[in-house]
Amino acid sequence: MRKVYFDHNATTPVHPQVRQAIAPYLDDLFGNPSSIHWAGREVRKGIEDARQEIASFFGCQPLEVVFTSSGTESDNLAIKGIAYRAGNGGRHIVTSRVEHPAVLNSRRFLEKQGFRVTYVPVNGQGIVEPDAVREALESDTILVSIMLGNNETGAVMPIGEIGRMVREAGILMHTDAVQAAGKIPIDWKTLPVDLLTFSGHKINALKGAGGLIARKGVEFEASLHGGHQERGRRGGTENVVGIVAMGKAFSLLRETMEEEVGETRRLRDRFEEGLFHRIPELVRNGPAAEHRLPNTVNISFRYVEGEAMLLNLDMVGIACSSGSACTSGSLEPSPVLMAMGADPTDAQGALRFSLGLGNSVADVDYAIDAIETVVNKLRALSPIYPRAREAKAR
């Protein structure tokens, strides 16, 4: 059976050159990077080289890069770190209704601690409009957090415009760029944000390593208290292998991102156009291609239940998702799609397809054929599909 992996927004395969780069750190380079002897110094160099590579990719200073265990930890560090910093001057935070659970649940935790949170809406395309953020700002707002690219629909937010407005108001700005990094250009020098989250396993590195870029001069409270690691901003012995993997992955992206993104976009467009050409009664969830991450398409298959689609596609080798991997197991419609005003029935039939490294034209064409077959089979069994009702009536 052919296997097609269209779930790169959940995680990505490890790049072959990343595997080569980490091999020495699984063998001879085993020291603790905080040790001052030769074994520690050799490993410390690997961490700092990775920090430099990541800084070069984003255009920030190496000392602005803080290593963590994941995008989730980075979001928590940014949000709670600003909330708890001494003398922050306020108790109000602004975010959107379509953020990743790491952001939303951090805010809900803070609400229990007495902070006030405003959840701004999105339009029908799933995009946060700057005016909605402007209206949410209050005199004691300390932080605005809006993601750069949505993990379910691929919607790219107007962070430049939002960030400039927030900066003019004298408020700190955080963006979760976990899904956007490596897919769209990000220039720290011109992007008006103060804190930015990224993750290794979304860019063909390893799970268990992520990072937060914190603009020079921005102070925040550490969420993990331990040793002196990361200049006191995140205690704990560093995940050396994961950090080295991230550094290599970002160095590869500096060289190949434009070409790889172009190819992924062409495959995504071929896939999306093929589905809409072959299968009736589809609804695209999210904005047009030019306002979307180049690898992502979210489609509702009317008259079909999404979980049934997932199971049947898995049986023919196709891996995709009904939403964020961090909300899998929920039987409720996607909160992101509901925030966009989607019909609840359509939302129940939504699937996310996200392409990336290793995908090919053959994968796309196989997937289109297989999806058409599965949809036709499930619709024939559906009591709400008009043609099925007509057949039973005859």
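E230 is found in the loop between β8 and α7. Its phi is near 50 degrees, a positive value in a residue other than glycine. Most residues other than glycine have a negative phi. E230 is also buried, with a relative accessible area of 5%; buried means under 20%, exposed over 50% and partly exposed in between, using a 1.4 Å probe and protein chains only. E281, in the loop between α7 and β9, has a positive phi of about 60 degrees and is not a glycine either. At 34% relative accessibility, though, E281 counts as partly exposed.

A word on the ground rules: this is a predicted model, where local features need pLDDT of at least 70, side-chain atom pairs count only at pLDDT 80 or more, and totals for chains, interfaces and linings use all residues. Residues are numbered from 1 along each chain as its sequence is written, and side-chain values use heavy atoms, with hydrogens and water left out. Helices (H or I, at least four residues) and strands (E, at least two) are DSSP runs, numbered from the N terminus.

**Sheets**

Two strands pair if DSSP finds at least two bridges between them.

| Strand pair | Bridges |
|---|---|
| β7 (residues 195-199) and β8 (residues 210-214) | 5 bridges |
| β10 (residues 296-301) and β12 | 5 bridges |

L195 stands opposite A214 in β8, while S300 stands opposite A350 in β12.

**Helices on the sheets**

Contact means heavy atoms within 4.5 Å, and angles run from 0 to 180 degrees between N-to-C directions, with axes fitted to C-alpha atoms (for helices, over the stretch in contact).

**Helix on helix**

The axes of α7 (residues 240-278) and α11 come within 10 Å and cross at roughly 25 degrees. That makes α7 roughly parallel to α11; angles under 35 degrees count as roughly parallel, over 145 as roughly antiparallel, 65 to 115 as roughly perpendicular and the rest as oblique. On the α7 side, the contact includes L267, R270 and F271, and on the α11 side V361, V364 and D365 are among the residues.

What about α8 (residues 306-315) and α11 (residues 361-381)? Their axes come within 10 Å too, and cross at roughly 130 degrees. That makes α8 oblique to α11. A308, M309, N312 and L313 in α8 meet a set of α11 residues including A370, I371 and V374.
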